[in-house]
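Thanks for coming, everyone. Let me put the model on the screen, and then we go through it chain by chain.

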Amino acid sequence: MLRRLHPLTKLLLFILLAVLVFFEKNPSSLILTLAFLVFCAAKGEIPPSKLIRNYRWMIFALVIGIIASTMVPAARLCLLLIMSSVLNISTTPTEIAYAVGMIVPSRDFTMMVSISLSFIPVLAEEASRISDAQKARGAKRTRAAVATVVPLFASAFRRASDLADAMTVRAYGTTARPSRLNTPRFTKTDLGAVLFTLCYAAAVIFVEVF
Amino acid sequence: MLKATDLCFRYGSFELKNINLNVEKGTFTCICGSNGSGKSTLARLLGGALEPKSGSIECDALRGLVLSNPDNMFVNPTVEEDVAFGPENLGRTSEQIRVDVDRALQLTGMRDYAKQTISTLSYGLKQRVAIAGALAMDAQYLILDEVTSMLDTRGSDMILDLILDLVKQGKAVVLVTHNTDHAVFADSVVIMDGGKIVAHGKPQKILNQRELMDRCSLRQPYTIRIADNLRLKGYPISSEAITPDQLEKEIRRCSDAYIR
Amino acid sequence: MALVIKNLHYTYKTGKKALNGINLTIEEGSFTVISGPNGSGKTTLAKLLVGLLKPTEGSIDAKNVGILFQVPENQLFETTVIEDVMFGPINFGRTKEQAREDAIKALKSVGITEAFYNRDPFRLSDGQKRLVALAGVLATGCTTLVLDEVAAGLDWNAEQRVFGILKNLQSQGMTIIVISHNPEHAVQYADKYIYLKDGLIEENAVAHTRIEDFASRFTGQIASLIQTS
């Protein structure tokens, strides 16, 4: 169900929740938020195994928290990470870019977001191939990490140049008002999600203030 | 028709001089040359990514350009969204875009991959998505620059099959490559060297000229090399036979005659 | 023996089984071509040979193996040609002077002249970049050289030059292993030919016998015709 929501709804609610999390001090409200997120994940048909990957972060953050005696900020960080996962898994990069484009009405900006997201797997794989090549020439781990920057940047610039050519040829920039293949629509589900989230937010505020 | 007249281009110390070329719809043209011959620059000029210094290009329909590195051509993460990019930029309605995308995916055999993430596809399939992107814009002239250089034999064959299919359906395809094995299937072959066109004509005439190919640092196609070897051994293989099917027929003909 | 592989298995963390029990011996100073379709495990085998991956099962006995990957741009790290080639030897503990000597020797063996030493490797032509990357690997002092799709994207001239260099290195005692989907490389240059499919060796032969492996329709039918007539 989470996937059918309009991406703008999800994006705005995400921002609201992120801000809210930073005001949560009371353990009850933190637990309430966790319960809310678990509910969202269930509603988003997100398999627990994907979220479990984030428990590694949780344990890590909790350990740091205990060491630094700052458990609450550590818990907040965990919640934020889980929240981002839920958003990422239930929303395609194009939808996220579309939602961003509704807030920031610049097509170039939206394109930048969308293309950056598309290139993350490409550059990540390239970085791993570069570090393989370096390890093969005897570089130890830290040296390899630093030396990856030069070829990766060179590669990124080359790709940008090729891509610019490709986009020109595909008529990018010729119309002021380009259309879309799939336009997300607002439905009753969005209204329900917003109301539900506001109730949850009210509950958190109630717990915090009283 | 795509008509290039007296094209000139300069990039640093490299120059493209007086290129004259006509491409008809429904034909497969292969432009062959070694690296540095200017073929990639010509591809970009023909495809509209570069403006010539002097001379002109006239075309009665839209041109599409596909480059060699499939990692650097995609704008949106999924197949159908990326193919839709071109039509979206042309300001078509959502319904029309849907039709265009479906048709392009159908032509390239990528219908089943419509919702898939591009980064999970093999290079061969990625190239097909790129070609679909050009077809979705109703490009009638497809300029393909070294699209097989990062593919293995099987992937290359798939693209060649696609090219021959598209030509049969009336599109014009210009394939720029240093791999002369593809050129045996072309209707017309253009050889480039040092920024100029040095030969232009039917593949049977051009690809058989060993001295020309050597001069331009091009390997002769395998089929022609095999035919040459057979001729040296005394088999009268016709020099008109340059595709594998034609060569097979000739070999059968010769061995039948020999047996008798 | 330059290389002895016994019962080699490799499974990726995702569960995908890349190699299913490979047995292989390669003699010192020989020229081997490993061919096979994409996904047959060729690159995985290359990474195992050089030590980037550890076998899931089985053993590899190989010393001093260097590898040249497919894309030269992923293997050029420094701002000048000479410094880039020195990268390897410095990592292996050579002093700056020794590394420079190693680098110059390697660059000479691939035909890169002194005029190029201080140039930016990223501004060279594709063929030249590959030669510099190759020099970078040779400078590490490896005795076995693995090359992954060394001819991809090269035109005829450049390809011949590279293979000429490899044959030269072989004559000086280097063991060469070329991974290539183009079986012509085997027919032209190899002493030994391995065809890998689905993680298993399908054919392990002296090169000239497998001509029908020109898998594409270009010559497959013809080759089989020649054999039957």
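Where is the place of E146(B)? E146(B) sits in the loop between strand 6 (141-145) and helix 6 (153-168) of chain B. Helices here are DSSP runs of H or I with at least four residues, strands are runs of E with at least two, and both are numbered from the N terminus.

Some ground rules. This is a predicted model, where local features need pLDDT of at least 70, side-chain atom pairs count only at pLDDT 80 or more, and totals for chains, interfaces and linings use all residues. Residues are numbered from 1 along each chain as its sequence is written, while chains are lettered from A and ligands numbered from 1 in the order in which they are written.

Back to E146(B). Its phi is positive, about 50 degrees, although E146(B) is not a glycine. Is E146(B) buried or exposed? E146(B) is buried, with 20 C-beta neighbours inside 10 Å. The cut-offs: buried takes 20 or more other C-beta atoms within 10 Å of the residue's own, exposed takes 12 or fewer, partly exposed is in between, and C-beta atoms are placed from the backbone.

Now D6(B). Phi of D6(B) is also positive, near 50 degrees, and D6(B) is not glycine either. D6(B) lies in strand 1 (residues 2-11) of chain B. D6(B) is exposed, because it has 12 other C-beta atoms within 10 Å.

Next, the domains of chain B. The assignment gives domain 1 (2-209) and domain 2 (221-260); such bounds come from an automatic or database domain assignment. Nine residues from domain 1 of chain B and eight residues from domain 2 of chain B make the contact. Contact means C-beta atoms, placed from the backbone, within 7 Å. The centres of the two domains, over C-alpha atoms, are 32 Å apart.

On to chain A. Helix 6 (residues 107-136) and helix 8 (residues 149-169) of chain A pack at about 140 degrees, axes 10 Å apart. Axes are lines fitted to C-alpha atoms, for helices over the stretch in contact, and angles run from 0 to 180 degrees between N-to-C directions. From helix 6 of chain A, the contact takes L123(A), E126(A), A127(A) and I130(A). From helix 8 of chain A come P151(A), L152(A), S155(A) and A156(A).

Last, chain C. Chain C has seven helices and nine strands. Of its 229 residues, 48% are buried. Take contacts in chain C between residues at least 6 apart in sequence: 67% join residues at least 24 apart.

Notes:
Two residues are in contact if their C-beta atoms, placed from the backbone, lie within 7 Å.
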